[in-house]
Amino acid sequence: MISGLYRILSFVIFIQFAASANAGAYKVQERKTDSIPVKEQVGVVALPVEIAPINAPFKMPQLKKPVFPARSILITENGAKEGSKVTSIIQQTIDQLNKQGGGKVIIPKGKWYTGRLTLLSNINLEIAEGAELYFSGEVEDYRPAVFTRNEGIEVMSLGACIYANGQRNIAITGKGKLIGPAKGGSVRKQIMTKDVIENVVAYTTPVAQRIYEGHNGDFIFPPMFISPINCNNVLIEGISLENTAFWNVAPVYCDSVIIRGITVHSVGIPRGDGIDIESSRNVLIEYCTLSTGDDAFTIKAGRGYDGLRVNRPTENVIVRNGLVLEGHGGITCGSETASMIRNLYVHDCVFENARSAIRFKTRRPRGGGGENLFYERIRISGSRYAFEWDMLGSATHVGAAASRYPPRDKDALTPVFRNIKAENIVIEKTTQFIKATAIPESPLANVRINKIQSNTEDLIAVADVQGLTISNSVLSVQQPVIDLLDARNILFNKVTIISPSNTVQLKVEGPLSHQIRFKNSSPTRPIGWASNSWQKTASPTK
């Protein structure tokens with residue numbers, strides 16, 4: 001029987017085949033195109049000398065590298081000795097050159113050891129080829145506490161290994177390597193792990209009183225690797241980073257940022273994100289190669305009530321020609337979304353072995369969300385999900401808010417994801433095409449996915465979606481199930497689904513599900529239905 005509240009419809013749709021499932025998979029894997037890059041065309045190995053013009057589906061300035069005076073100083077000129085701790089000498093050289101109007105501070109070839117460094121305006125810190133800069137694993141080498149943001153909440157803590165606040169025209173360049181805080185030191189031993197940060201740092205506490213310096217073994221919030229805060233005209237180029245204690249590169253409250261040709265390796269490090277753009281605007285990220293212990297390219301905008309208080313969105317971000325070799329998300333929006341993420345354009349990238357290649361995550365207590373997000377010319381392989389939306393999270397982090405029902409009343413912390421477009425994407429050897437878990441009071445809205453060639457084991461499972469169009473696509477799948485829960489206005493237009501069984505199973509559940517349509521597609525519509533639209537009032541004929 002069909003329940004009055006929850007109608008569960010499961011039926012098999014016979015579809016037309018142009019080729020066998022194996023042939024379909026072969027076509028996806030062998031497809032040769034100049035428009036969608038392969039691995040050799042992206043990442044650090046393909047980095048050009050000049051920055052190509054920026055073309056975006058929204059208004060975006062043409063970003064240029066900061067220009068520095070011709071002065072340069074080697075740290076050895078100020079007495080730095082290879083193999084010893086040179087924090088004070090590097091900082092002295094930065095301070096000296098800043099007072100002279102700026103220039104380049106050079107870390108030459110060799111092994112050097114340091115604590116926290118603070119960049120100042122008009123300084124280019126160059127890590128020369130063959131240079132290895134090792135950062136201390138001890139908390140005392142990052143004191144006193146500085147203003148920073150940790151997982152979207154403002155605190156006074158260790159800041160970053162390379163830190164800047166309120167500076168203009170700064171850069172970290174070169175072909176050298178940065179190595180993060182030594183394992184086994186107090187930095188890693190004293191990281192706060194007892195709870196999520198919003199349960200530890202009250203948003204009603206003045207920021208100046210949120211001091212976590214790690215005295216007497218007390219906990220700290222770990223230093224990011226590189227984090228300019230409140231800075232304009234920032235360049236990070238060419239360097240390699242490994243062994244971070246936390247996020248690798250994280251501009252916060254910045255304007256006009258260029259990150260290009262960097263290499264990140266943080267596999268096996270919890271919260272070892274690659275590049276996190278947080279509450280910043282006018283950002284270009286290009287030709288980077290990331291292998292990460294968490295999300296690779298990541299866009300954030302503050303967390304919960306503290307993020308709402310700050311109210312600084314992330315907007316106008318370009319990610320292009322990037323290569324992800326491993327990570328939780330290839331390109332991720334969230335989960336810190338309080339002030340909104342808008343105007344993101346990701347194109348000409350290759351994502352390999354990311355748990356979720358194109359990932360969206362937020363939570364009921366996080367607020368904000370994302371809108372006007374564009375993805376184009378992307379190659380995906382080795383992922384669990386090609387597209388994943390998760391707006392519930394887990395009870396471990398958000399408690400009862402992780403339960404879909406009952407719906408909550410909308411308030412300032414109700415997040416949204418809407419107005420998302422993805423097209424010209426090749427998906428190779430991936431477990432599932434789309435997994436979307438939204439929330440009843442704020443459904444995922446207006447998603448358009450166009451020109452997809454995919455080879456996956458599973459097809460689509462979505463809950464609480466209002467407006468999803470898939471068009472002009474060929475989907476080769478082993479388990480051909482479309483699973484919809486409270487989904488409305490779902491359209492398959494000019495979509496061919498290829499499976500070994502020559503069938504597709506459509507499962508529709510939930511009282512809000514309606515307007516599920518198949519147009520000019522294989523399948524065209526459920527057999528025995530009066531039309532190619534599924535309405536709540538309809539029932540199958542026998």
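The lining of the largest cavity comprises 12 nonpolar residues, 1 polar residue and no charged ones, where Ala, Val, Leu, Ile, Met, Phe, Trp, Tyr, Cys and Pro count as nonpolar, Asp, Glu, Lys and Arg as charged, and the others, Gly among them, as polar. This is a predicted model, in which local features need pLDDT of at least 70 and side-chain atom pairs count only at pLDDT 80 or more, while totals for chains, interfaces and linings use all residues. Residues are numbered from 1 along each chain as its sequence is written, and side-chain values use heavy atoms, with hydrogens and water left out.

To begin at the cavity, select Leu119, Ile170, Ile172, Ile226 and Pro228, which lie nearest its centre among 13 lining residues. On a 1 Å grid over the protein atoms alone, a cavity is a set of points where a 1.4 Å probe fits but cannot get out, a pocket is an open set with protein on both sides within 12 Å along at least five of seven lines, and lining residues have an atom within 4 Å of a point. The volume of this largest cavity is about 60 Å³, and a search of the whole structure finds 1 cavity of 30 Å³ or more.

Next, select Glu151, Arg271, Asp294, Lys361 and His397, which lie nearest the centre of the largest pocket, itself lined by 28 residues. This pocket holds about 680 Å³ of space, and its lining divides into 5 nonpolar, 7 polar and 16 charged residues.

For the second largest pocket, with about 220 Å³ of space, select its lining residues, including Leu47, Lys65, Phe68, Asn124 and Glu237.

Finally, select Asn450 in strand β29 (residues 444-498), a strand being a DSSP run of E with at least two residues, numbered from the N terminus. Asn450 counts as buried because its relative accessibility is 15%, buried meaning under 20% relative accessible area with a 1.4 Å probe and protein chains only. The side chain of Asn450 makes polar contacts with the side chain of Ser471 at 2.9 Å and with that of Asn472 at 2.8 Å; a polar contact is a pair of N or O atoms within 3.5 Å, and within protein one must be able to donate a hydrogen and the other to accept it, while residues adjacent in sequence count only if both atoms are side-chain atoms.

Technical notes
Helices (H or I, at least four residues) and strands (E, at least two) are DSSP runs, numbered from the N terminus. Buried means under 20% relative accessible area, exposed over 50%, partly exposed in between (1.4 Å probe, protein chains only). Grid points are joined across faces, edges and corners, and a volume is the space filled by probe spheres set on the points.
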